[in-house]
Amino acid sequence: MLFSEKLRKEADEIYQGIFRHPFVEGLGKGDLDPESIIHYVKADFEYLNAFMNIYGLAIAKSTRREDMAYFHEQIAFVLNGEIHPHNNLCRVAGVAYDDLKGFPLPPTADHYVSHMKSTALTGSMGEILAALLPCPWTYYEIGKYLMETVQPKPDHPFYEWITFYAEDEVGQITNELRRRLDTWAKGVGPDELEKAKVAFLKSCQLEYRFWDMAITKEIWPFSVEQEVTTS
Ligand SMILES: Cc1ncc(C[n+]2csc(CCO)c2C)c(N)n1
């Protein structure tokens with residue numbers, strides 16, 4: 001069994017929890033609370049900015065041009081592609097996308113980004129790939145799950161969101177990340193594999209919590225000024 005297949009098996013309970021999460025159910029039913037959508041998009045815009053920073057850290061660690069080119073391509077996808085599902089969410093919530101940019105990350109999103117950043121700074125290439133993988137992989141599976149269970153028509157409120165993540169492009173991103181992780185895994189010992197597994201499972205848990213964060217509209221306990229470094 002490939003390393004990524006083992007990871008997927010270990011994380012199955014978390015994936016099933018994500019498919020049944022109220023936010024994901026709401027996407028399927030088309031009846032999400034606009035305030036939860038707004039909370040999600042505000043956090044996700046900054047999460048995606050941090051995600052691009054992390055790809056930049058991965059480039060800094062790369063020793064092969066081929067790896068640099070790969071991470072560079074991924075930045076372009078996040079920059080240009082992920083706008084579409086966000087625009088869909090904003091339209092349903094009745095808000096302008098520009099009004100949701102530049103907000104500090106709520107605690108869970110902050111934790112998720114910190115986990116990926118510290119892994120990128122201190123971990124091996126395999127650990128970095130493992131920490132990044134649940135991001136496209138859980139969304140691709142959510143997309144496919146909603147396609148199968150809801151079979152949305154173009155008039156479904158979240159048709160673009162669902163079809164965007166169920167599409168081949170996100171599938172290919174997932175498969176390419178898996179392929180790279182599996183190649184790395186073949187050349188390292190059990191201690192290295194264990195560290196990558198821990199990084200992967202933590203990101204899966206934080207994907208679950210990210211949905212929770214939107215439903216509960218999670219905020220910091222005190223409203224002190226917080227720095228936002230991107231816009
Ligand atoms: C919390 C959170 N997790 C995953 C995604 C989806 N996503 C983000 S970047 C990317 C491409 C990876 O190269 C994908 C599929 C999201 N938007 N927000």
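The shell around the ligand divides into 13 nonpolar residues, 1 polar and 3 charged, where Ala, Val, Leu, Ile, Met, Phe, Trp, Tyr, Cys and Pro count as nonpolar, Asp, Glu, Lys and Arg as charged, and the others, Gly among them, as polar. This is a predicted model, in which local features need pLDDT of at least 70 and side-chain atom pairs count only at pLDDT 80 or more, while totals for chains, interfaces and linings use all residues. Residues are numbered from 1 along each chain as its sequence is written, and side-chain values use heavy atoms, with hydrogens and water left out.

Of the 17 residues around the ligand, those that come nearest are Asp44, Tyr55, Glu82, Cys135 and Glu207, a residue being near if one of its heavy atoms lies within 4 Å. The protein covers 100% of the 450 Å² of accessible area that the ligand has on its own, by the Shrake-Rupley method with a 1.4 Å probe.

Helices here are DSSP runs (H or I, at least four residues) numbered from the N terminus. Helix H4 (34-61), helix H5 (65-81), helix H9 (134-150) and helix H12 (190-216) each supply at least two residues of the shell around the ligand, and the largest share, 6 residues, comes from H4. At the start of H4, a side-chain oxygen of Asp33 reaches to within 3.0 Å of the backbone nitrogen of Glu35.

Notes: Polar contact = N/O pair within 3.5 Å; in protein donor to acceptor, adjacent residues only side chain to side chain.
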